[in-house]
Amino acid sequence: MHTERAQHAMAAPQAGARGNGAATPRVRGFLASRVSPEGIAALPAALAAGSLDYPLVDRCAATGVGGQEMVHATFLFIDEQPADPAQAVILSANALVDHEDLAASEFEQAGERLWSITLLVPADWVASYRITVHRGAGPAPWHQAADRRAIRLAADAGGPDPLNPRGSATMNGAAVSVFRGPQATANPHLAPAVPAAGHRGPSLGGWGASEAGTQGLPPRVSHHLLQDENCGRERSVWMYRPPGSESGVQQEPTPLVVVHDGATWVKHLSFAQSLDNAINARALAPVHVMFVDSTSIPLRSAELPHTSGTTRSLARQFLPWARSGFNVRADPAGTLLTGSSFGGLAAMLGVLHYPELFGRAVAQSPSLWHTDISAQLQSLAPHVELEIQAGCYETSIAESCAQALGALQGGDVAQRIQYQMISGGHDWAWWAPELLSALVRAYPAAGH
């Protein structure tokens with residue numbers, strides 16, 4: 001993470017500066033060039049004994065854009081089915097599978113039953129990933145698929161890396177492994193994710209479903225099924241109350257944070273526990289958080305990226321509902337709106353169209369490719385504070401952010417927008433810790 005960058009006025013990113021999957025080189029033969037055959041043969045036992053940090057990381061002399069340190073990251077697969085040996089293995093690292101160059105993500109055989117792949121990546125790279133294995137005759141499914149999405153789904157159909165103890169969950173609750181480079185700062189307050197039990201399908205996509213709304217909720221999180229009068233459907237909302245709010249002692253109203261794709265944050269990412277951890281550690285001031293559901297992909301795509309959808313529902317109905325029923329502040333500076341992808345775009349639309357309600361926003365990987373808001377940003381209300389985060393490997397989003405922010409250079413609006421380029425893709429693996437860090441920056445505990 002680049003937390004110090006976010007404390008300064010934004011600097012426009014360079015479009016395409018740090019590449020995408022096609023520009024991330026796979027280093028062929030890397031393991032064999034560094035480790036003897038005897039050493040390679042001993043790797044499985046060393047990994048089983050826990051005597052090696054994994055994935056394997058080697059620093060190198062190469063530097064990225066602006067002198068950024070790079071590392072060689074090596075992933076391994078040990079074939080435990082010699083009777084039906086693997087014929088092909090692919091690394092489905094977030095945003096790095098290039099449908100036009102699948103070989104750049106495929107493992108090579110490094111020894112008996114041992115496969116490896118090495119990538120040259122930024123030293124602060126954060127990524128979720130899965131490993132998919134093809135056995136039997138014929139080409140691998142990812143080579144048989146015809147279009148980009150089908151290829152990515154086929155490459156992602158496997159599962160987490162059994163050698164990596166660090167894991168997380170995605171929007172649909174699928175389990176993933178997580179790589180954190182040696183310069184990627186982990187958020188100490190982030191709670192472990194909870195993948196959906198039995199979910200073995202691809203981690204791509206998701207629905208943010210809100211089923212089981214009242215079951216298994218964390219302490220001080222309540223579920224509310226409300227009729228969304230603007231969108232004409234029922235909508236699930238979860239309200240998080242901070243530690244101490246249950247004491248019955250009247251306290252000062254707290255800031256209110258509004259989070260899109262709420263089901264994922266509540267059900268799979270354990271964000272309520274992360275909030276508790278940060279508040280109890282006196283890093284984050286007490287806050288209330290309203291998690292708003294997005295349900296299916298079609299509804300999400302129809303409602304989030306348009307001001308007439310979820311944004312209007314929040315402004316007209318759900319924010320007044322939260323302010324009337326919970327001990328929260330009613331001023332713009334005390335109301336922060338956040339989301340990722342379409343949710344990031346929606347967070348920006350909220351502060352642009354309703355600045356009298358929302359005075360802060362954290363837009364993670366905002367889908368500015370969908371809606372050009374460059375002209376609207378020019379008239380961002382003077383009191384609004386906006387933080388934008390984008391992954392260097394989510395090319396279309398990074399480039400659209402560059403175009404939108406580049407026109408603001410030198411103006412007053414630029415001083416109120418923080419821009420943070422993350423070494424990652426379109427990925428919950430960095431969205432969760434970076435959001436928690438952004439909330440601490442927005443609402444630090446007294447004396448922090």
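Predicted model: local features only at pLDDT ≥ 70, side-chain atom pairs only at ≥ 80, totals over all residues.
Helix H2 first. H2 runs over residues 37-48. Which of its residues are buried? Ile40, Leu43, Ala46 and Leu47. Now look at where they sit around the axis. They cover an arc of only 105°, so they lie on the same side of H2. An α-helix has 3.6 residues a turn, so residues three or four places apart point the same way.

Turn to the other side of H2. Pro37, Glu38, Ala41, Ala45 and Ala48 are exposed there. So what covers the buried residues of H2? The cover includes helix H1, residues 30-34, and strand S2, residues 69-78. Strands S4 and S5 are also part of it. After H2 comes Gly50. Its phi is positive, near 75°.

Now to Arg113. Where is Arg113 placed? In the loop between strand S4, residues 108-111, and strand S5, residues 114-122.

What does Arg113 touch? Leave aside its neighbours within four places in sequence. Arg113 is then in contact with Phe77, Ile78, Asp79, Glu80 and Pro82. Take Asp79 from that list. The Arg113 side chain reaches the backbone oxygen of Asp79 at 2.7 Å. And then there's Gln81. Arg113 and Gln81 are 32 residues apart in sequence. In space, their C-alpha atoms are 8.6 Å apart.

Definitions and conventions:
Residues numbered from 1 in each chain as written. Heavy atoms only, no water. Helix = DSSP H or I, 4+ residues; strand = E, 2+ residues; numbered from the N terminus. Contact = heavy atoms within 4.5 Å. Polar contact = N/O pair within 3.5 Å; in protein donor to acceptor, adjacent residues only side chain to side chain. Buried < 20%, exposed > 50% of the residue type's maximum accessible area, 1.4 Å probe, protein only. Arc of directions from axis to C-beta.
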